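Subject: Structure for you to look at

Hello,

Here is the structure I promised to pass on. Please open it next to this message; my notes follow below.

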Amino acid sequence: MKILHVIPGIDDPTCGIAVAAKMIARQQTAEGHSVETVSHTVWTAVQIKNADEVWVHSMWTPGVMKAAWTVLRAGRRLVRMP
């Protein structure tokens with residue numbers, strides 16, 4: 001399965017959401033899934049359309065909310081994380 005994580009603060013080691021998302025992504029990779037993690041400011045509609053499942057983290061940021069809306073419009077499976 002191809003999984004895409006959309007998160008804020010991807011390169012910030014002090015961002016708890018980014019750290020947690022990366023831990024989940026590592027576990028999913030260990031389980032044999034193809035996983036990609038992108039910042040809420042650089043995701044593309046093509047990445048969403050190519051993913052089987054999209055995880056969005058920190059729904060209160062505009063970039064993540066827009067990604068979630070795009071996932072639903074593309075008919076992809078959406079997993080929302082606080």
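Predicted model: local features only at pLDDT ≥ 70, side-chain atom pairs only at ≥ 80, totals over all residues.

β1 and β3 pair in the parallel sense, over four bridges. They belong to an open sheet of four strands, ordered β2-β1-β3-β4, with parallel pairing. β2 (34-39) and β4 stand at the edges with a single partner strand each, so one side of each has no neighbour in the sheet. On average, neighbouring strands of this sheet are turned by 20 degrees against each other, direction ignored.

The helices on the sheet

Helix α1 (residues 16-30) lies across β1, β2, β3 and β4. It runs at about 175 degrees to β1. α3 packs on the sheet too, touching β1, β3 and β4. The direction of α3 makes about 160 degrees with that of β3.

A closer look at α3

Which residues of α3 are buried? They are Gly63, Val64, Ala67, Ala68, Thr70 and Val71. These residues cover an arc of only 160 degrees around the axis, which puts them on the same side of α3. The face turned away from that buried side carries the exposed residues Pro62, Lys66, Trp69, Leu72 and Arg73.

What covers the buried residues of α3? The cover includes β1 (2-7), α2 (45-50), β3 (53-57) and β4 (77-81). Not counting residues up to four places away in sequence, valine 64 touches Val6, Pro8, His40, Val56, His57, Ser58 and Met59. After α3 comes glycine 75, with a positive phi near 75 degrees.

In soluble globular proteins, nonpolar side chains tend to be buried together. Here the largest nonpolar core has 12 residues: Leu4, Val6, Val38, Trp43, Ile48, Ala51, Val54, Val56, Val64, Ala67, Ala68 and Val71. β1, β3 and α3 are the elements that give two or more residues to this core. α3 gives the most, with four residues.

Best wishes

Definitions and conventions:
Residues numbered from 1 in each chain as written. Heavy atoms only, no water. Buried < 20%, exposed > 50% of the residue type's maximum accessible area, 1.4 Å probe, protein only. Arc of directions from axis to C-beta. Contact = heavy atoms within 4.5 Å. Pairing = 2+ DSSP bridges. Axes fitted to C-alpha atoms, helices over the stretch in contact; angles between N-to-C directions. Core = buried A, V, L, I, M, F, W, Y, C linked by side-chain atoms within 4.5 Å.
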